[in-house]
Amino acid sequence: MEYLTVKETAQKWGISGRRINTLCNEGRIAGAEKKGLMWLIPKDAEKPADLRYGKNKRLRRTNKWRI
């Protein structure tokens, strides 16, 4: 099986490397393996759906700072 690095996957999917790391840590990328400090993502892995967006594709905002 061929693997891509976080940087290569980020370029392929058009999102940041930090977001890729978060998805890997949450276990949302099937087949991702951690070798030392580096994540290896299968070349044929699918980009997971972004759960931060609702049905109408607008970013949900939460006012966690409002008292």
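Colleague: Which residues are exposed on the other side of H2?
Modeller: This is a predicted model, in which local features need pLDDT of at least 70 and side-chain atom pairs count only at pLDDT 80 or more, while totals for chains, interfaces and linings use all residues. Residues are numbered from 1 along each chain as its sequence is written, and side-chain values use heavy atoms, with hydrogens and water left out. Buried means under 20% relative accessible area, exposed over 50%, and partly exposed in between, with a 1.4 Å probe and protein chains only. On that scale, the exposed residues on the other side of H2 are Arg18 and Asn25.

Colleague: What arc around the axis do the buried residues of H2 cover?
Modeller: The buried residues of helix H2 (residues 17–25) are Arg19, Ile20, Leu23 and Cys24. They are on the same side of H2, because the arc they cover (taken from the directions from the helix axis to the C-beta atoms) is only 140°.

Colleague: Why would such a set point the same way?
Modeller: The spacing along an α-helix gives the general rule. Residues three or four places apart point the same way because the turn holds 3.6 residues.

Colleague: Against which elements do the buried residues of H2 pack?
Modeller: The chain has 2 helices and 3 strands, in the order β-α-α-β-β along the sequence. Both types are DSSP runs, numbered from the N terminus: H or I of at least four residues for helices, E of at least two for strands. The buried residues of H2 pack against helix H1 (6–13) and S3.

Colleague: Which residue with a positive phi follows H2?
Modeller: The phi in question is near 75°. The residue that follows H2 with this value is Gly27.

Colleague: Is Thr9 buried or exposed?
Modeller: Thr9 lies in helix H1. Not counting residues up to four places away in sequence, Thr9 touches Leu4, Ile20 and Ile41, where contact means heavy atoms within 4.5 Å. The relative accessibility of Thr9 is 1%, so Thr9 counts as buried.

Colleague: Which strands stand at the edges of the sheet?
Modeller: The sheet is open, with 3 strands in the order S1-S3-S2 and antiparallel pairing. One side of each edge strand is left without a neighbour in the sheet, because each has a single partner strand; these edge strands are S1 and S2 (33–35).

Colleague: What is the bridge partner of Tyr3 in S3?
Modeller: Two strands pair if DSSP finds at least two bridges between them. S1 and S3 pair in the antiparallel sense over 2 bridges. In S3, the partner of Tyr3 is Pro42.

Colleague: Which residue forms a salt bridge with Glu26?
Modeller: Glu26 is partly exposed at a relative accessible area of 48%. The closest N and O atoms of the pair are 3.7 Å apart, and the partner of Glu26 is Arg28.

Colleague: How far apart in space are Ile15 and Lys47, C-alpha to C-alpha?
Modeller: Ile15 is in the loop between H1 and H2, and at 24% relative accessibility Ile15 counts as partly exposed. Leaving aside neighbours within four places in sequence, the contacts of Ile15 are Ala10, Ile20, Leu23 and Lys47. Ile15 and Lys47 are 32 residues apart in sequence, and their C-alpha distance is 10.0 Å.

Technical notes: Salt bridge = Lys/Arg side-chain N within 4 Å of Asp/Glu carboxyl O.
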